[in-house]
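These entries record what I looked up in one protein model.

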Amino acid sequence: MATADRTRTFMKDVKRVIIKVGTAVVTRHDGRIALGRLGALCEQVKELNALGYEVIIVTSGAVGVGKQRLKYRKLVNSSFADLQKPQMELDGKACAAVGQSGLMALYDMLFTQLDVSSSQLLVTDSDFENPNFRERLRETVESLLDLKVVPIFNENDAISTRKAPYEDSSGIFWDNDSLAGLLAIELKADLLVLLSDVDGLYSGPPSEPQSKIIHTYIKEKYHNEITFGDKSRVGRGGMTAKVKAAFVASNSGTPVVITSGFASQSIVRVLQGEKIGTLFHKDASLWEPSKDVSAREMAVSARECSRRLQNLSSDERKKILLDVADALEENEDVIRTENEADVAAAQDAGYEKSLVSRLTLKPGKIASLAKSIRTLAYMEDPINQILKRTEVAEDLVLEKTSCPLGVLLIVFESRPDALVQIASLAIRSGNGLLLKGGKEAMRSNTVLHKVITGAIPSNVGEKLIGLVTSRDEIADLLKLDDVIDLVIPRGSNKLVSQIKASTKIPVLGHADGICHVYIDKSADMNMAKRIVMDAKIDYPAACNAMETLLVHKDLIKAPGLDDLLLSLKIEGVTLYGGPVAHELLCIPKADSFHHEYSSMACTIEFVDDVQSAIDHIHRYGSGHTDCIVTTDDKVAETFLRQVDSAAVFYNASTRFSDGARFGLGAEVGISTGRIHARGPVGVEGLLTTRWIMRGSGQVVNGDKDIAYTHKNLPLQ
């Protein structure tokens, strides 16, 4: 439960679970049984049984199964003349009677294969009017659960006295959703899970892009905002019935989660405390006050503030950055205090040393960040620059100008200094900004955000930069393609890959930082030693640190190489070898050339020549930063011309691949992509262009009355 969302921490005390399986989950679109989904459900129940949970199932689907069977029987037994007649609707009670035995036989077969026993309990609305029945029911269920038998409930539609069982919603219960809610109260369940064909309750129709899943339902916040669509394609009430049942159970003390019965391991994930589906809980309003601002609202506000920022003069925007730099230095003590608390918590939690290193704001870091911001402030104003002027026709001038992208979403892990760099770049480039930091840096990010936004004047608004808390999952943010223009992930390979696979918003960034240094046979070994030591040791957790050292085969017995390898070992660097280096140097074999250590370790391999080094880099590199050390200019030019990476260096450490060191003032990240921006991304990478045309009444009119000149004009 360590990873449970704070609204789901009560899951650790859950023992008795009722799972309601809807008809849409049990059957496919063609009406036949969805064997795969039903089998996966039974496997989850077995897993929960083994973990000590008491599982009760309420299942729909009997009518659907019966209807499918009776339609088939009717078809088989019909004459050709009968088939020409209009088909009468099958009787629902007959369908229920036929389908119930088939549905239960299927459950029994699946559970038997899993060495789990199940039992059938058919009930009607009128049964619950008898207090003795209710008492006997509780006793029977308790006995079954003690024996690890799974009770499976269903409304006995075949003998129900309700005249219109698919329309009538009167009585103690009126469908299997309301039955599940009633049983949750009667049997004192700790949790009710209502499985649906969608991921949960949405603010609008799930098919609409602007609809957002509601993870925690708060009546005061959502009651008047939600419009329910059509009922289920096969069941009686669809989401309306589930929400009504969830109200009944949660108000009586049983938490309810509505989630997808189609998603893998959804029930297990709910019980692990993951924030999936929609939670109904009587205390929900205490967890998430209605005053909280959603990520969408943050993005809209950021765009509005960015437009006000763009309207300021260049000097006014510069002053904001200078004020931010001053505010950081003035609040250094409180920033360091909060950061130290984050570092201590990360160490206590057993985080990797590389993460703790990235998390730590070392002495002098605040001063360094402030200096970078001031450098950025004094740079030429990047927005509203005229990039090209063209006379399209007489008195018709077209200008290509620079302008902000709009609203940026930055998802970053561990490094609170990234927040400062990104925020300052957003201010300089006139963009709105949403920041989603990792929980390990929560205190640092919060105080830095407060200090920076406090320096933004009211005529722009502090909502220019929004800090998204854990209440909004990354998955929710990545759906906001209508209000967010660019996502920049800064973190692990896993984070970047997940984001790229999960959003329609353009993504700028790099997944790996597998940087190479190649020492050519003509290299000055003293220079090579300085470069390699710096590239590996200066900051091994950085993405621009050397991960693989390639060495020309002629240097295998060179004394300078022995000195270099010894120096690496003395500094604490663990050496791993490729197939050749492993044999010749007697060092452990590297598992993969694709591995990014982000720590005091690196891979070494020998290559035949510069072309072999280039081929190795193209095969195993990540296109980040690669370096050659040589005194042969011709070899160097071959390397520089052919290595297809975002940054390629000649006799210089890979650690120079950095926005501040490039003179960009700061960087929002490093991109290994090929569209829009590549390498360290500063202000220019956060800009796009727009066309401005100034005329004197010209019209196209089929191009009859206009003489195009298309003359390049000087920039003004």
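**Entry 1**

I began with aspartate 177, which counts as buried at 4% relative accessibility. The model is a predicted one, and I read every value below as computed from it.

I then asked which side chain aspartate 177 meets in a salt bridge. The partner is lysine 20, with 3.2 Å from N to O. Aspartate 177 belongs to helix α7, residues 176-186, and lysine 20 to strand β1; the pair therefore ties together parts that are 157 residues apart in sequence. Lysine 20 is buried, at a relative accessible area of 3%. Since the limit for buried is under 20%, the value of 4% places aspartate 177 in that class, and the value of 3% places lysine 20 there.

I also looked at serine 178, whose place is in helix α7. Serine 178 counts as buried at 10% relative accessibility. With neighbours within four places in sequence left aside, I found serine 178 in contact with Phe173 and Ala245.

**Entry 1: Further salt bridges**

I looked up how many salt bridges the model holds. The count comes to 30.

I took glutamate 54 next. Glutamate 54 forms a salt bridge with lysine 15, and the closest N and O atoms are 3.8 Å apart. Glutamate 54 lies in strand β2 (residues 54-59), while lysine 15 lies in the segment before β1 (16-21), so this pair ties together parts that are 39 residues apart in sequence.

Aspartate 644 and arginine 678 meet through their side chains in a salt bridge of 3.4 Å, N to O. Aspartate 644 is in the loop between α25 (633-642) and β19 (647-650), and arginine 678 is in the loop between β20 (669-671) and β21 (679-681); the pair thus ties together parts that are 34 residues apart in sequence. Both residues are partly exposed: aspartate 644 has a relative accessible area of 36%, and arginine 678 has 33% relative accessibility. I then returned to shared partners and noted that salt bridges join Lys15, Arg16, Glu54 and Glu142 into one network.

**Entry 2: A parallel sheet**

I asked in what order the strands of the open sheet stand. There are 4 strands, in the order β12-β11-β10-β13, and the pairing is parallel. The edges are held by β12 (465-467) and β13 (486-490), each with a single partner strand, so one side of each is left without a neighbour in the sheet. On average, neighbouring strands of this sheet are turned by 20° against each other, direction ignored.

I followed the pairings one by one. Strand β11, residues 432-437, is joined to β12 by 3 bridges, and the two run parallel. Leucine 435 stands opposite leucine 467 in β12. Between β10 and β13 I noted 5 bridges in the parallel sense. Leucine 409 has valine 487 of β13 as its bridge partner.

I examined the cover of β13 in turn. In β13, 5 of its 5 residues are buried. Leu486, Ile488 and Arg490 lie on one side and Val487 and Pro489 on the other; all are buried, and both faces are covered.

Helix α18 (residues 442-454) lies across β10 (407-412), β11 and β12, and runs at about 160° to β12. Helix α20 (residues 493-500) lies across β10 and β13, at about 160° to β13.

**Entry 3: The chain as a whole**

Along the principal axes, the C-alpha atoms fill a box of roughly 90 × 80 × 65 Å. Of the 716 residues, 53% are buried. Among contacts between residues at least 6 apart in sequence, 74% join residues at least 24 apart. The chain exposes about 33200 Å², of which carbon and sulfur atoms supply 50%.

Terms used:
Residues are numbered from 1 along each chain as its sequence is written. This is a predicted model: local features need pLDDT of at least 70, side-chain atom pairs count only at pLDDT 80 or more; totals for chains, interfaces and linings use all residues. Side-chain values use heavy atoms; hydrogens and water are left out. A salt bridge is a side-chain nitrogen of Lys or Arg within 4 Å of a carboxyl oxygen of Asp or Glu. Buried means under 20% relative accessible area, exposed over 50%, partly exposed in between (1.4 Å probe, protein chains only). Two strands pair if DSSP finds at least two bridges between them. Axes are lines fitted to C-alpha atoms, for helices over the stretch in contact, and angles run from 0 to 180 degrees between N-to-C directions. Contact means heavy atoms within 4.5 Å. Accessible areas come from the Shrake-Rupley method with a 1.4 Å probe; for residues, only the protein chains shown count as cover.
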